[in-house]
Amino acid sequence: MFKAFAAAAVASIALACAGGASAAAVTVYNTGQGAAAGNGQADAHYTISGSDFGASGQAKTYYNPAYAAEDGDSRWVSYSGSPFSGVGFTTFQTTFDLTGYDIASAVLSGRWGVDNEGVVLLNGVQIASLSGTLYENFNQLHQFGANSGFLQGLNTLQFVVHDTGSPMAFRTDDMSLTANVSAVPEPATWAMMIVGFGLVGATVRRRSLAFATVRA
């Protein structure tokens, strides 16, 4: 009887952990989301982590008529709000937190465009690229995403943009991230588990004592 009760307690924990998980949306941002109107406005969610042009701080909104049209929650950004000349690389990044989530269930998706070319890195691993100085790189947006490579806690999403001639910008839109919330057993289930493990221990001790008595 004790053994059956203990087994039931352990099984309840397993079911609580497996069945208690539920998918949830994790906050991620489009470029330019929430920024004020006009070029040169700071993007609160994307920063410059490296640049051949000496740029730093927050990304800045910048729009060129050749780019795909912006919408209400997504805008083009660069390191400057005005046209500039130069050839080189600039890395923009945003972060998101998966603390309390099951990273094995995480799925990231979105669309992006870039002038001129670039790559997308999730925690340092490439997950998308747009190469060449193609008009299609920036007059339309392209799908990207990932279902692996996530970290427990803070994650970094980087966009390494290669400017091969003025101007330069990139954009993300329709950003989405979902993951299962890590299951936490109810207090009553924790109590059952503790009792169950205690009974297992007691059973083992009784059997050990009985075996020792028989041998004696």
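Start by selecting R111: at 25% relative accessibility it counts as partly exposed (buried means under 20% relative accessible area, exposed over 50% and partly exposed in between, with a 1.4 Å probe and protein chains only). You are looking at a predicted model, where local features need pLDDT of at least 70, side-chain atom pairs count only at pLDDT 80 or more, and totals for chains, interfaces and linings use all residues. Residues are numbered from 1 along each chain as its sequence is written, and side-chain values use heavy atoms, with hydrogens and water left out.

A salt bridge here is a side-chain nitrogen of Lys or Arg within 4 Å of a carboxyl oxygen of Asp or Glu. R111 lies in strand β6 and D174 in strand β11, so this pair ties together parts that are 63 residues apart in sequence. Strands (E, at least two residues) and helices (H or I, at least four) are DSSP runs, numbered from the N terminus. D174 is partly exposed too, with a relative accessible area of 44%.

Within it, R171 bridges to D71 with the closest N and O atoms 3.5 Å apart. R171 counts as buried at 1% relative accessibility, while D71 is partly exposed at 35%.

For another pair, pick R75 and E70, whose closest N and O atoms are 3.7 Å apart in a salt bridge. R75 is buried, at 12% relative accessibility; E70 is partly exposed, at 29%.

Select L98, F150 and L177, which touch the most other members of the 32-residue largest nonpolar core. Such a core is a set of buried Ala, Val, Leu, Ile, Met, Phe, Trp, Tyr and Cys residues joined through side-chain atoms within 4.5 Å. Its largest share, five residues, comes from β6. Leaving aside neighbours within four places in sequence, L177 has contacts that include A24, V28, F96 and L108 (contact means heavy atoms within 4.5 Å).

Finish on strand β2, residues 42-51. It pairs with β3 (57-61) in the antiparallel sense over three bridges, and strands count as paired if DSSP finds at least two bridges between them. Look for T47 opposite Q58 in β3, then for G54 in the hairpin, where phi is positive, near 75 degrees. Four bridges also join β2 to antiparallel β5 (88-97), and there G50 stands opposite T91.
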